[in-house]
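Dear colleague,

I am passing on the structure below, together with my notes on it. Please read the notes with the model open beside them.

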Amino acid sequence: MKQYLAIIKRDYGASGGETFWLPAPIYSLIIVVLITWLFASSSGSFPAWQFLALSILGAYRILDDLSLSRGHSFGFLAPDFHTYQFNYSTSLVFISSVLTCAIFANSFYEFFVCLSVLWLITSSMFFFVRKEIWRLTGFIGLGIYILIWFLMIYVKQNEYFFSLWQKIVTSVWSIFSIPAIGITISCVCLAVTYKSFLLARSNYLKPAEYDPNLAPRTWKKHRKSSNFTPLQLFANARRSSKTWGKIESRVLFGLDIGRHEDLLYLGLFGAKVHSFLLKCIFGFLVVLFALPLFFVNEINHEAILIPICIFMLFYLVVVCTAISLEWIYNRKSISDLWLLDNSKNRRRYMLKVAMLFAERIGRVSLFACAVFMLFTLIISGVKGGLIVGLVALLAVALGLLLQMTYVLFVTTSVKNTAWLRYVTVLFTAFNFIGWLAVALFSLQQKQYWILALAIVLAAGLCFTSIKFWCGYAKELRA
Amino acid sequence: MNLSNMDNLESNVLTLNDVYKSYEGKPVLQGVNLTLKKGAVMGLLGENGSGKTTLLKTALGLLRPNRGETLIFAEDAWNMSANTKQRLGYVAQTLDCFHWMTPQELFMYTGAFYQNWDAIKVKSLADKMHIDTTQRISNMSEGQRQQTSILQALGHSPELLVLDEPVASLDPSARRSFIKELIDINLDEQTSILFSTHITSDIERAAADIAMLKAGKVLYQGGIDELKEQVVRIHIASESNLADVSSDPLVLKHQVAGNTGRLTVKGFDVKGLDVWEKQLNAKITVEQLSLEDIFLELNA
């Protein structure tokens, strides 16, 4: 028992460590809560695909931990470590799936059917833990993520897809409505699950070579890895395609262009893992962002702006959080790079460094705004497009000012604690969403003074923080 | 398997038989044979890239040999049982995990997986090494991390301790006290120890045996004293010009100028000194070499 307690403690500790990832037990709990909420909000007619998608995501995250023991020597040499880790992850999948099925099902029969289908899917996922098939996993993982997002956004917008999806769900569900068939299918599912589980177990516990490159992010600090987080899956898939690499380098032109020779810039941001992470997020979101283009002719033009706007906000929040955290984590190198820079004095140097951050975060945000404006021009015409685009630009500009204030304050005053990353995520989200709401409200209600006041306030705060930053006389520590 | 082989297996805690290991076609270990006897302390010496880390990892079953056999406590290292793992301790070159933990948390976590984890012993060793067990590992210096890693490996009093360059990041005083600790552990608990290092003085201080590795092959395995007796430098002063000795397989290095010469020879036998003197019609003096000199000569 003490081994399992040690693993649980480790997981909770890891969440406060170096990554965005929540520990698997919390993650599974969130999935359960989310499903309950969706179930309640859909007043009893809970869509099966959402249930399945969320459950699979939960299981996927939990199984991600299985790759832990492949990434460092302790996992190999501690007695029975693999077995304990396997049992722990399996139990979590078991408990969370039972809970979600219990919430979802209206009867014992439904519970049984759901559980058997869910276990069949999750047990097959155990095979993806091994390194040999990580590339395949990468593509499958990427596919699942794109599909989930696609369904979440388009199914309700597009009548054709919606009805098609409904038909599929209804016909599948109608098969299960006959108890004899349902129970037979479920029993077959359980039998296959049992077999595949045993196979996966023996596959996992089979001796394997120690590969430090497999060390997952949740366990190690700032190391590249081949684990199974969605971003890594994307990166794996990305690396295997030359064409994709070319596309990405074109898309990323706004991020590093003209800075490849700047030593200070490279020292601060070059070859750091968060830059890598950022590219992955960026590339991933660009794919999602481009998807509406395929359906422009099929649905209401105005309605398509909503998902694009959501994507833009999502993109901004994720990318700005990543850049902010990258900066906060790398703050120690700011002190070191002082020796290499040719600034007149430290004040000038600090200003230069702050401007580099502003430039980096500004470039990606402006790029997002430009893409968004392009969409609005295509969809709403020149006049409407310009208005919507300018509102977005205004909101982003305000958001950047406050983001800068936050980051400069945190860099000098807050220690790298467990909650810093979550606070940064929340702050960034509220920052952009809040300013967008302010900009929309003041323009719609023609209360321009609110906007003017917001601009003055944000600019004032930013100016003060830069002034404080330039005069900061203490050493910056990681 | 006959009885004497069985006895050998019992007395050897670690055995590598003709082990080959390559990475992506590039050979790293080439037919390595190595044995570590129960209670012995062996230093593994080799240049950078000679395959020391690969050898240690292969010996522990962290890597699978392409060919050959690796046995730990007479059990295949690749398929080691949990019981055998209980008897093992390993210190990697760098602490390869848990940077967000404090040493205290790390020891508690590690201890959960070992039956005979001795928290009191770890605590007293930590005090001795002046390790603050409440600060995060990520905030520690490289040397402190190394010490933490050593404590992590010692907590369950392993019968075999394998250390990959354990003193590389330690300062001279910490290094010296660590070596002393290693000797004490060996004497008190009869722990067999295999450690790799670049620092020959540490091997001389801590180990009785040595294995020298060059380009994935073991050049020498045996006692340090025997090695020192076998590899010496001889100074020759002859009345006539010296003959060419470069083709002699015993000569590792030679420097001949006219009627004087300086040779480093392997497999030197003091009994043969007279024969040499007569053969070369010269006066020969023998110079004992330090382990570092021997290492350099053998790797030249």
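This is a predicted model: local features need pLDDT of at least 70, side-chain atom pairs count only at pLDDT 80 or more; totals for chains, interfaces and linings use all residues.

Chain A has 19 helices and zero strands, and of its 478 residues 37% count as buried. When contacts in chain A between residues at least 6 apart in sequence are taken together, 77% of them join residues at least 24 apart.

Two helix pairs in chain A can be described in some detail. Helix H18 (residues 420-444) of chain A packs with helix H19 (residues 448-470) of chain A at an angle of about 150 degrees, and their axes are 7 Å apart. On the H18(A) side the contact is made by Val438(A), Ala439(A), Phe441(A) and Ser442(A), and on the H19(A) side by Tyr448(A), Ile450(A), Leu451(A) and Ala454(A). Sorted by class, this contact of H18(A) with H19(A) holds seven nonpolar residues, one polar residue and no charged ones.

The other pair is formed by helix H5 (residues 81-104) of chain A and helix H9 (residues 179-205) of chain A, which pack at an angle of about 145 degrees with their axes 10 Å apart. The crossing in which H5(A) passes H9(A) is right-handed. Here His82(A), Thr83(A) and Phe86(A) of H5(A) meet Arg201(A), Tyr204(A) and Leu205(A) of H9(A), and by class the contact of H5(A) with H9(A) consists of three nonpolar, two polar and one charged residues.

Turning to the contact between the chains, 27 residues of chain A are in contact with 25 residues of chain B. On the side of chain A that touches chain B, the elements giving two or more residues are helix H1 (2-15) and helix H4 (73-77) of chain A, and the largest share, eight residues, comes from H1(A). The residues on this side of chain A divide into 13 nonpolar, six polar and eight charged.

One residue of helix H4 of chain A, Leu77(A), deserves a separate look. Is Leu77(A) buried or exposed? Leu77(A) counts as buried because 23 other C-beta atoms lie within 10 Å, where the cut-off for a buried residue is 20 or more. Leaving aside neighbours within four places in sequence, Leu77(A) is in contact with Leu60(B), Lys85(B), Leu88(B) and Tyr90(B).

In the largest nonpolar core, which has 81 residues, Met42(B) and Val162(B) touch the most other members. The element that gives the most to this core is strand E2 (residues 26-37) of chain B, with five residues, and the core draws at least three residues from each of domain 1 (3-215) and domain 2 (230-298) of chain B. A second, separate core of 50 residues has among its members Cys320(A), Ala368(A), Phe375(A) and Met404(A).

Finally, helix H10 (residues 273-280) of chain B is hardly covered, since the count of buried residues among its eight residues is zero. Asn281(B), which follows H10(B), has a positive phi, near 50 degrees.

With best wishes

Key:
Residues are numbered from 1 along each chain as its sequence is written. Chains are lettered from A and ligands numbered from 1 in the order in which they are written. Axes are lines fitted to C-alpha atoms, for helices over the stretch in contact, and angles run from 0 to 180 degrees between N-to-C directions. Helices (H or I, at least four residues) and strands (E, at least two) are DSSP runs, numbered from the N terminus. A crossing is left-handed if the near helix is turned anticlockwise from the far one by less than a right angle, and right-handed if clockwise. Two residues are in contact if their C-beta atoms, placed from the backbone, lie within 7 Å. Ala, Val, Leu, Ile, Met, Phe, Trp, Tyr, Cys and Pro count as nonpolar, Asp, Glu, Lys and Arg as charged, and the others, Gly among them, as polar. A residue is buried if 20 or more other C-beta atoms lie within 10 Å of its own, exposed if 12 or fewer, and partly exposed in between; C-beta atoms are placed from the backbone. A nonpolar core is a set of buried Ala, Val, Leu, Ile, Met, Phe, Trp, Tyr and Cys residues joined through C-beta atoms within 7 Å. Domain bounds come from an automatic or database domain assignment.
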